[in-house]
Amino acid sequence: MSDRQKKTFVITRFDPDKDEVPKTQTYEIPVRPDWKVLDALNFIKDEVDGTLSHRWSCRMAVCGSCGMMVNGEPKLTCKTALSDYGDTVEVGPLSNFPVIRDLVVELEGFMEKFKAVKPWILRAKEKAPEEGVYRQSPAELEAFKQFSMCINCMLCYAACPVVGNEPDYLGPAAIALGHRYNLDSRDEGDAERNQVFREEGGVYSCSYANECSEVCPKNVDPAAAINQAKFLAVVDWAKSFVSPRSRKK
Amino acid sequence: MKHLIARLEPVIWALFGGGFFVGCLLMPAFIFMLCIAAPLGWLPEGALSYERAHALAANPIGRLALFVLIVLPFWNGANHLRHFVIDLRGIRSDGVVAPACYAAALVVTGIAAVAVGKL
Amino acid sequence: MVEVVRHDIVIVGGGGAGIRAAIAAVEADPKVTVALVSKVYPMRSHTVSAEGGAAAVVPGSDDSLDKHAYDTVKGSDFLADQDVVDYFVEQAPLELTRLEHWGCPWSRNDDGSVATRPFGGMQIPRTWYAADKVGFHMLHTLFQHCMRFDRIVRYDEYFVTKLLVDGGAVKGVAALDMREGKTRVVLGRAVILATGGAGKCFPFTTNGTIKTGDGMALAYRAGVGLKDMEFVQYHPTGLPGTGILITEASRGEGGYLINSEGERFLVTRDYGVGQKAELGPRDMISRAIMQEISAGRGIKGAYGEHVQLDLRHLGEAKIMKRLPFVRELSKTYAGVDPVHQPIPIRPVVHYMMGGVDTNVTGATDLPGLYAAGECASVSLNGANRLGSNSLTECLVFGARAAIEALKYARGTSEGNETALRRQGEEEMARIDALRGRKKGGERISQIRREMNLAMERGCGVYRDQASMQQTVAEVAQLKGRYADLALEDSSKVFNTEILTALELGNMLDVAETIAVAALARQESRGAHACRDYPTRNDQKFLHHLLVFFTPAGPRLEKKAVTITRFQPEERKY
């Protein structure tokens with residue numbers, strides 16, 4: 001324990017059966033220099049207070065479970081080094097989401113938005129597996145690859161000022177996902193998704209704050225996806241007046 | 001009104017984006033010609049004379065260009081102002097702010113149409 | 001009163017195998033509804049962490065199904081069932097192609113065909129990949145695709161605590177709804193377990209915290225045998241301390257393993273991997289690393305001794321194109337940039353070859369119960385799995401289990417709802433009694449730590465009879481102490497303490513079967529390397545071991561291995 005120093009953690013606690021509003025609880029624990037914020041939470045859960053609830057799993061920044069507010073900023077706690085912080089670290093549930101318990105937030109709203117953008121390949125005619133793969137050049141793959149890297153950690157929703165104002169806004173991750181399929185050379189569903197993008201709460205609700213891309217731990221750049229989607233959705237809409245065929249599609 | 005604006009969002013965004021584009025691309029050229037090149041005497045004699053400018057503006061393409069140049073930046077400004085107010089005062093202000101901003105842009109559009117038509 | 005919902009098929013686990021099974025079921029029958037019950041949101045499932053790739057013969061290449069089959073059987077140290085292997089290699093290309101059709105962003109060759117990379121123990125590059133985030137892309141593709149089916153009804157953050165059996169057949173599950181803290185009953189005419197492995201029985205593992213052997217424990221307690229549990233795969237390259245996986249693809253792309261003297265020991269010394277060097281199978285390379293460390297050629301670090309994985313000669317461009325995640329992980333969790341420095345690595349618990357005993361159809365001996373993926377032992381992997389076979393296994397046998405479960409479900413009754421509801425109520429009472437229970441003074445984290453250490457001591461890369469015996473005794477004693485667990489949290493909503501307690505119970509059951517089976521296998525085969533019996537003994541041990549639950553403790557049984565085309569031979573590369 002000699003390599004350990006003490007740090008104080010101020011953690012938001014909330015049990016809907018007991019508390020009217022969230023409160024904070026303070027824990028002082030010994031930490032190792034290479035620990036992430038998540039390691040400290042797990043130490044508290046295991047050794048100090050078994051009633052603390054938080055979500056986590058892979059601890060390697062790919063499952064997307066452990067997004068929380070750390071000193072007021074949305075962070076993936078398994079990727080956030082304690083050494084970047086001072087003696088006191090505040091940890092709370094992600095902003096802009098209803099809180100279920102302690103650091104656990106409600107994801108059902110997001111799951112509906114996720115489904116709304118039809119995140120699957122849409123084609124008029126599908127191939128059987130026996131007919132082999134679709135050809136896709138490395139350049140065609142590159143066109144959407146970045147937007148396929150989202151781990152659904154929800155940091156962008158916690159950072160987005162529009163999500164806070166407008167709960168029905170599709171939000172950065174869902175739009176980036178829909179846009180990813182629109183850009184996929186194997187997909188033909190862009191007209192359907194653009195329809196969704198143009199509806200109320202769609203891409204045009206975005207107010208260009210760019211916070212989503214600032215906080216994204218995987219460099220997905222959802223703000224770029226939203227801006228591209230705004231353009232493509234309006235072009236698609238304009239086209240529907242010129243060519244009746246594209247309207248039907 | 002809220003739903004009408006929501007339905008028109010793609011159009012508003014297109015006008016906003018167009019304004020941004022026009023502003024970024026054409027304004028510098030405008031400023032260069034009128035505020036730098038002309039005072040420094042880099043332009044040929046009479047290049048900015050009333051007759052030449054009027055002829056250019058009154059030509060149908062000139063009228064259209066002028067109209068676009070006046071109107072789109074206003075839509076850009078209206079949309080920006082609206083989102084700026086939402087950031088400052090919260091979404092609840094949007095019920096008043098959005099119609100006000102876009103109504104102003106609409107009025108400017110009307111005035112510009114009349115003015116350009118009368119050239 | 002416990003709430004009851006009913007579907008045709010109940011799938012437990014929302015990872016690669018579970019989602020594939022769900023899609024297969026609703027596609028095969030336009031009427032059925034499927035319950036997809038998962039203790040986490042499906043995109044959090046541990047399939048997400050797989051990195052290197054998924055194996056399948058590329059149609060039209062100079063590869064063949066026979067070669068893939070042979071590599072798999074040899075890799076298994078001849079303990080794979082060869083009928084299973086044949087079915088697997090035949091279905092593998094179709095399954096990976098299907099995933100391509102569903103949008104998986106497989107990396108491509110310039111002509112637009114799917115690219116492959118070499119992998120350990122495979123004689124031909126047949127590992128399909130999407131950079132070094134293959135599991136992530138496969139899981140997200142599957143999850144996104146399953147969204148199009150309204151007949152897949154998800155029960156997210158439901159933790160299954162019991163299989164409900166009526167008239168000798170499984171008819172549903174009891175599950176704890178984390179959000180409300182209530183036990184609910186999900187009924188179906190067949191149940192498919194797809195809950196993944198049990199790496200968290202060990203202290204040092206690539207596995208996420210959710211991999212606690214839940215499905216294995218559920219089946220075990222319902223009387224189904226667990227097969228080949230002694231075979232625990234150590235992945236050669238994990239980061240010291242955290243155990244985070246550094247993919248085998250880093251060696252597939254040309255990385256070297258070096259010791260403290262900067263020597264490529266797999267080339268300069270004889271570890272049985274021959275010309276394959278760094279592309280030998282995982283069991284052999286893990287043993288080589290442990291021998292290097294015992295010979296004093298390890299490098300001392302904050303978390304014990306390790307060797308190094310050197311990627312520097314690949315250059316920044318190749319690393320960024322093929323292995324960007326390896327770079328991100330190394331920088332974030334080991335503080336080294338592989339473009340400029342070698343990565344510290346050591347063998348780490350990665351995968352359970354063993355699991356719920358099924359036949360090639362995914363069926364267990366208990367009617368109505370099926371299993372697929374890592375939680376199952378369909379006997380594809382035998383004593384050692386080849387890297388990149390397991391992601392494909394999830395797809396092939398997830399789909400197969402669903403089709404077979406559907407066939408079975410059509411010919412069976414729904415079961416006696418009153419009796420099943422009563423079982424659900426008993427389960428609810430058991431869980432409610434455990435919540436916030438103050439009895440005894442044992443802490444979850446203390447028992448878990450002791451179990452972890454016992455498993456590492458007795459069931460590590462190298463094992464010996466004395467320490468295995470000690471581990472068996474220690475785990476049995478820990479199970480006794482588990483009955484005296486004290487819990488602090490008596491609340492209902494999202495009580496993760498009770499979840500952790502139930503998971504620990506599952507792990508203790510699974511850990512015991514691992515240790516008991518390991519002790520009984522008095523030979524060395526695949527991932528099971530016993531110092532007292534250093535060679536393979538086909539006369540006495542060319543068979544699977546099944547472990548059954550009895551109130552008096554685990555009971556062992558032999559099960560024949562299916563050998564068709566490939567006769568056992570010395571395993572040398």
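Which side chains meet in a salt bridge at 3.0 Å, N to O? They belong to C:Arg448 and A:Asp46. The points below place that pair among the interfaces of this structure, which is a predicted model.

1. Contact between chains C and A. Chain C brings 72 residues into contact with 70 residues of chain A. The two chains bury about 5600 Å² between them, and carbon and sulfur atoms account for 51% of it. On the chain C side, C:Arg44, C:His101 and C:Gln144 supply 12% of the buried area, more than any other three residues.

2. The salt bridge of C:Arg448 with A:Asp46 has an N to O distance of 3.0 Å.

3. Two or more residues come from each of α3 (82-101), α4 (134-146), β7 (152-156), α10 (324-334), α13 (444-458) and α15 (496-520) of chain C. The element that gives the most is α4(C), with six residues. Sorted by class, the side of chain C that touches chain A has 25 nonpolar, 25 polar and 22 charged residues.

4. Contact between chains B and A. Here 15 residues of chain B are in contact with 15 residues of chain A. The area buried between the two chains is about 1300 Å², with 65% given by carbon and sulfur atoms. Within chain B, the residues that lose the most area to chain A are B:Pro10, B:Trp13 and B:His83, which together make up 45% of what that side buries.

5. Pairs and elements between chains B and A. The number of salt bridges between these chains is zero. Two residue pairs are in polar contact, both residues being at pLDDT 80 or more. On the side of chain B that touches chain A, α1 (2-37) and α3 (60-89) of chain B each supply at least two residues. The most comes from α1(B), with nine residues. By class, this side of chain B divides into eight nonpolar, four polar and three charged residues.

6. Domains of chain A. Chain A itself is divided into domain 1 (5-105) and domain 2 (108-248). Taken over C-alpha atoms, the centres of these two domains of chain A are 31 Å apart. Their contact takes 15 residues from domain 1 of chain A and 14 residues from domain 2 of chain A.

7. Area buried between the domains. Domain 1 of chain A and domain 2 of chain A bury about 1000 Å² between them, with 66% of it on carbon and sulfur atoms. In domain 1 of chain A, the greatest losses of area to domain 2 of chain A are those of A:Pro74, A:Asn96 and A:Phe97, together 46% of what that side buries.

8. Pairs and elements between the domains. Zero salt bridges are found between domain 1 of chain A and domain 2 of chain A. Five residue pairs are in polar contact across this interface, with both residues at pLDDT 80 or more. On the domain 1 side, β3 (67-70) and β4 (73-76) of chain A each supply at least two residues. That side is made up of nine nonpolar, four polar and two charged residues.

Terms used:
Residues numbered from 1 in each chain as written. Chains lettered and ligands numbered in written order. Heavy atoms only, no water. Contact = heavy atoms within 4.5 Å. Buried area = accessible area lost by both parts, 1.4 Å probe. Salt bridge = Lys/Arg side-chain N within 4 Å of Asp/Glu carboxyl O. Polar contact = N/O pair within 3.5 Å; in protein donor to acceptor, adjacent residues only side chain to side chain. Helix = DSSP H or I, 4+ residues; strand = E, 2+ residues; numbered from the N terminus. Nonpolar A, V, L, I, M, F, W, Y, C, P; charged D, E, K, R; others polar. Domains from an automatic or database assignment.
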